Each structure stands twice: as C-alpha cells, then as structure tokens.
Amino acid sequence: MPMPVAPTPTQNVEMPMAVADDQAVVMSLAQAVLSGNRDLAHSVVRSLEQGGAKAASVMTIIAAAYDQLYRARRNGITSVLSGSAEAVSDESLAKITEIFIHSMDAVYANPFTNLKLAVAQAFEVRG
C-alpha cells in the first residue's frame, strides 16, 4: 500500500491517513497556514484527527518548523517553508510560532480543540 502523499497547497482533498503522524502531512498543514489556504488547513486537521494523530505531536512539529523558519530568516537563509511564508512578515511569523507553542498547553479535554484554535488564531494573525 503506498504512503499517503501530502497535498500541495492548491489541493483540497480528504486524505486517507494510513500513517497519522506522517511529518509530510503535518508540514502540509504548516504550509497551508502560512500560505493562507484555510480549506486545505481544515481538511488536513480533520484528516489528522480522524487518522488518530497525536495533536501534541502535530503542534510540536509545526512550532519547531516555524521556529526554524524564523531563525533562518534572521540569518538570511531559506528553509523548507520559505516559499509558503513569503507574504508573512517576521513579526507575524513570530506571533504564529508563539500561538502554536502556547497551544501545546493542554487546556481542553480534546487536544484537537487546542490545535484547531491555534490554526484559527494563526489565520487571524496572517490575515
């Protein structure tokens, strides 16, 4: 059985999640948020939740990727997410990173509530 392929930011599909914590799928969520693709972001979150992913792991991977992007920018280096974040200022990227870091504080019984809230807040910052 082939591994699930992370959708490109222009795709809007429900993905089968044979490997729920597949980092490529999580990174597609990070890219969708940065590029402003709400439909894809919500689709990926639903797929991760239905596939049994650990929300804390998803938030950790995204926060670390955003931190790496922020640091790369500060050092004049490109990163995997650079293309998706062209329209996002350094200040907004820092705020979005903080949102995902703070979302790891388990406040709600369903950990995906924290992830969904983080995605919604990130879109508010991104615009």
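The model is predicted, and its protein chain holds 5 helices and 0 strands, so that the order of elements from the N terminus reads α-α-α-α-α. Of the 127 residues in the protein chain, 41% count as buried. Among the contacts in the protein chain with a separation of 6 or more, 65% are accounted for by residues 24 or more positions apart.

**Packing of H3 with H4**

- Two packed helices are described by the angle between their axes and by the distance between the axes.
- Helix H3, which covers residues 55–74, packs with helix H4, residues 90–102, at an angle of about 155 degrees, and the two axes are 9 Å apart; because an angle over 145 degrees counts as roughly antiparallel, H3 is described as roughly antiparallel to H4.
- The crossing in which H3 passes H4 is left-handed.
- On the side of H3, the contact is made by Met-59, Ile-62, Ala-63, Tyr-66, Asp-67, Leu-69, Tyr-70 and Arg-73, while H4 contributes Asp-90, Leu-93, Ala-94, Ile-96, Thr-97, Phe-100 and Ile-101.
- Sorted by class, the residues in the contact of H3 with H4 comprise 11 nonpolar, 1 polar and 3 charged.

- The structure holds 1 aromatic pair, formed by Tyr-66 and Phe-100 with an edge-to-face arrangement, in which the centres are 5.6 Å apart and the planes stand at 80 degrees to each other.

**Packing of H4 with H5**

- Helix H5, residues 111–126, packs with H4 at an angle of about 170 degrees, with the axes of the two helices 9 Å apart, and H4 and H5 are therefore roughly antiparallel to each other.
- From H4, the contact draws on Ser-92, Lys-95, Ile-96, Ile-99 and Phe-100, and from H5 it draws on Leu-115, Ala-118, Val-119, Gln-121, Ala-122, Val-125 and Arg-126.
- By class, the residues of the contact of H4 with H5 divide into 8 nonpolar, 2 polar and 2 charged.
- Ile-96 and Phe-100 of H4 are listed in the contact with H3 and also in the contact with H5.

**Asp-90 in helix H4**

- Asp-90 is found in helix H4, and because its relative accessibility is 33%, this residue counts as partly exposed.
- Not counting residues up to four places away in sequence, Asp-90 touches Tyr-70 and Arg-73, both of which are listed for H3 in the contact with H4.
- The C-alpha atoms of Asp-90 and Tyr-70 are separated by 6.9 Å, although the two residues are 20 residues apart along the chain.

**Ser-84 in the loop between H3 and H4**

- Ser-84 is found in the loop between H3 and H4, and with a relative accessibility of 15% it counts as buried, because buried means under 20% relative accessible area.
- Leaving aside neighbours within four places in sequence, Ser-84 is in contact with Gln-31, Leu-34 and Ser-35.

Terms used: Residues numbered from 1 in each chain as written. Predicted model: local features only at pLDDT ≥ 70, side-chain atom pairs only at ≥ 80, totals over all residues. Heavy atoms only, no water. Axes fitted to C-alpha atoms, helices over the stretch in contact; angles between N-to-C directions. Helix = DSSP H or I, 4+ residues; strand = E, 2+ residues; numbered from the N terminus. Parallel < 35°, antiparallel > 145°, perpendicular 65-115°, else oblique. Left-handed = near helix turned anticlockwise from the far one by under 90°. Contact = heavy atoms within 4.5 Å. Nonpolar A, V, L, I, M, F, W, Y, C, P; charged D, E, K, R; others polar. Phe/Tyr/Trp six-rings, centres within 6.5 Å; stacked < 30°, edge-to-face > 60°. Buried < 20%, exposed > 50% of the residue type's maximum accessible area, 1.4 Å probe, protein only.
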